[in-house]
Amino acid sequence: MTIRMHRGLFAAVFLLALFVSASLVTAQDNDIVFPTSELTLHTESGDYPLVVEVATSSPQRQRGLMYRTALERGHGMIFDFGQSRPASMWMANTLIPLDMVFIRADGTVSGFHEQAEPESKAIISSSEPVRYVLEIGGGEAEAYGLKPGDTVSGPAIDK
């Protein structure tokens, strides 16, 4: 076999291995399932029911709302860290703007970040330890009149 044939064979094997590994990662990502639940935001302007996907495992929290092209109003995702801790989020591979609501273990809103920029790798952090982060569509926090100190309740966080 000539050197040229060896290079060609090596390139073909390399590309095949790359394709197979990419397919396995995609298949694993597609296997991540999120149970749904309900939450209610309690603000001065009213109570707002939400349907949320629940992310409790590390693979679920890592995937989050990545690759979604839309998020229906009144829907979101709640990240449960299992205990209070500083929370850091980012928008890499997230294609839609989101509001991130940082929630203490007792269900009170610690703070929030509005209109997180799609596909940004900037870190968005809570100002204090929180147990939950709720992601909703960009602009919804303002529409609900959400403020620090408001409360969140429902099966997704009531234990």
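User: Is Arg-104 buried, partly exposed or exposed?

Analyst: Start with the scale: buried means under 20% relative accessible area, exposed means over 50%, and partly exposed is in between (1.4 Å probe, protein chains only). Arg-104 has a relative accessible area of 26%, so it is partly exposed. Keep in mind that this is a predicted model, where local features need pLDDT of at least 70 and side-chain atom pairs count only at pLDDT 80 or more, while totals for chains, interfaces and linings use all residues. Residues are numbered from 1 along each chain as its sequence is written, and side-chain values use heavy atoms, with hydrogens and water left out.

User: Which side chain meets Arg-104 in a salt bridge?

Analyst: The general idea is that side chains of opposite charge can pair when their charged atoms come close. The cut-off here is a side-chain nitrogen of Lys or Arg within 4 Å of a carboxyl oxygen of Asp or Glu. Arg-104 pairs with Glu-128 at 2.8 Å, N to O. Arg-104 sits in the loop between β5 (98–103) and β6 (109–116), and Glu-128 in the loop between β7 (124–125) and β8, so this pair links distant parts of the chain, 24 residues apart. Glu-128 is partly exposed too, with a relative accessible area of 27%.

User: How many salt bridges does a search of the whole structure find?

Analyst: There are 4. One of them joins the side chains of Arg-68 and Glu-53, 2.8 Å from N to O. Arg-68 is in the loop between α2 (58–63) and β3 (75–85), and Glu-53 is in strand β2 (residues 46–55), so the pair ties together parts 15 residues apart in sequence. Arg-68 is partly exposed at 24% relative accessible area, whereas Glu-53, at 18%, is buried.

User: And what about Asp-80 and Arg-131?

Analyst: Their side chains form a salt bridge as well, at 2.9 Å, N to O. Asp-80 is in strand β3 and Arg-131 in strand β8 (residues 130–137), so parts 51 residues apart in sequence are tied together. Both residues are buried.

User: Which elements does the chain run through from the N terminus on?

Analyst: Helices (H or I, at least four residues) and strands (E, at least two) are DSSP runs, numbered from the N terminus. Here you get 3 helices and 9 strands, in the order α-β-β-α-β-β-β-β-β-β-α-β.

User: Which residues does Ala-116 touch?

Analyst: Contact means heavy atoms within 4.5 Å. Leaving out residues up to four places away in sequence, Ala-116 touches Met-91, Pro-97, Leu-98, Met-100 and Ile-124. Ala-116 is part of strand β6 and is buried, at 0% relative accessibility. Its C-alpha is 5.4 Å from that of Pro-97, 19 residues apart along the chain.

User: How many of the contacts in the chain are between residues 24 or more positions apart?

Analyst: Counting contacts with a separation of 6 or more, such pairs account for 72%. As for burial, 38% of the 159 residues count as buried.
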